[in-house]
Amino acid sequence: MGCGATKDHAQSHAPEMEDGAKTATTLGVVDSECSEVKMDDKELEAQQEALAVEKRERALTALVARLNAAVSLREMKRYAEALAERKAVVAASRDELGPKHKVTISALGAAGISYCDMEEYEAAEQALTEALEGQRAVFGDRHIKTAETMYWLGQAYYKQGKYAEAVGVAEQCLQVHVRAWPKGDPQIASAERTLAKYKKRT
């Protein structure tokens, strides 16, 4: 009877074991499905990231093209149109690429030059000051792009009667040119003349 009891006991637990096996199998299927969902989520995330990169690259290309178009407008002396286009690029670039992106910084500098063309020197000072800050962070103090912005900022100061500020930035500009160009280069001579002109007013 002992053996019979053991057999009956085993048989009585057989369904439970089968149910347990079914449950384990079911959980395994669920786990597998969850794993597949997670993989799908990762793929979706990667796809979204790729689309974001593509969108950013398209925006970058379009903004650079608009800046080049503004250069052409300025060369044709269509200063108001060039300024309007550059201001629009600054706004769009801030939104799409961010305030510290090279295109945003370049657009600010370009807008500052256009403000000078339009004799709006206070606005030019503001745009060029922000551009110079960005260029120093991105390119450093010794870069030619930085020197160009220094030159135009000096002009904006000079036209507003801020002669001491004009001299200060012109001195920095000259230092950049001296480091960047060989002795006797026309760029150095031009920077020296500009500095001498500003110093006469101080």
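Close-up 1. Tyrosine 158 belongs to helix α5 and tyrosine 198 to helix α7, so that the pair links distant parts of the chain, 40 residues apart; helices (H or I, at least four residues) are DSSP runs, numbered from the N terminus. Tyrosine 158 counts as buried at 12% relative accessibility, and tyrosine 198 likewise counts as buried, at 1%, where buried means under 20% relative accessible area, exposed over 50%, and partly exposed in between (1.4 Å probe, protein chains only).

**Close-up 2. The aromatic cluster.** Tyr158 and Tyr198 form one aromatic cluster together with Tyr163.

**Close-up 3. The salt bridge between glutamate 125 and lysine 162.** The structure holds eight salt bridges, each defined as a side-chain nitrogen of Lys or Arg within 4 Å of a carboxyl oxygen of Asp or Glu. One of them joins the side chains of glutamate 125 and lysine 162, with an N to O distance of 2.9 Å. This pair links distant parts of the chain, 37 residues apart, with glutamate 125 in helix α4 (residues 121-138) and lysine 162 in the loop between α5 (144-159) and α6 (163-180). Glutamate 125 is buried at 17% relative accessibility, whereas lysine 162 is partly exposed, with a relative accessible area of 28%.

**Close-up 4. The salt bridge between lysine 199 and glutamate 171.** The closest N and O atoms of lysine 199 and glutamate 171 are 4.0 Å apart in this salt bridge. Lysine 199 lies in helix α7 (residues 186-199) and glutamate 171 in helix α6, and the pair links these distant parts of the chain across 28 residues. Lysine 199 is partly exposed at 41%, and glutamate 171 is partly exposed at 32%.

**Close-up 5. The salt bridge between glutamate 81 and arginine 78.** The side chains of glutamate 81 and arginine 78 meet at 2.7 Å, N to O. Glutamate 81 counts as partly exposed at 40% relative accessibility, and arginine 78 is partly exposed at 35%.

**Notes to all views.** Residues are numbered from 1 along each chain as its sequence is written, and side-chain values use heavy atoms, with hydrogens and water left out. In this predicted model, local features need pLDDT of at least 70 and side-chain atom pairs count only at pLDDT 80 or more, while totals for chains, interfaces and linings use all residues.

Note on methods: Helices (H or I, at least four residues) and strands (E, at least two) are DSSP runs, numbered from the N terminus. Rings of Phe, Tyr and Trp (its six-membered ring) pair if their centres lie within 6.5 Å; planes under 30 degrees apart count as stacked, over 60 as edge-to-face and the rest as tilted.
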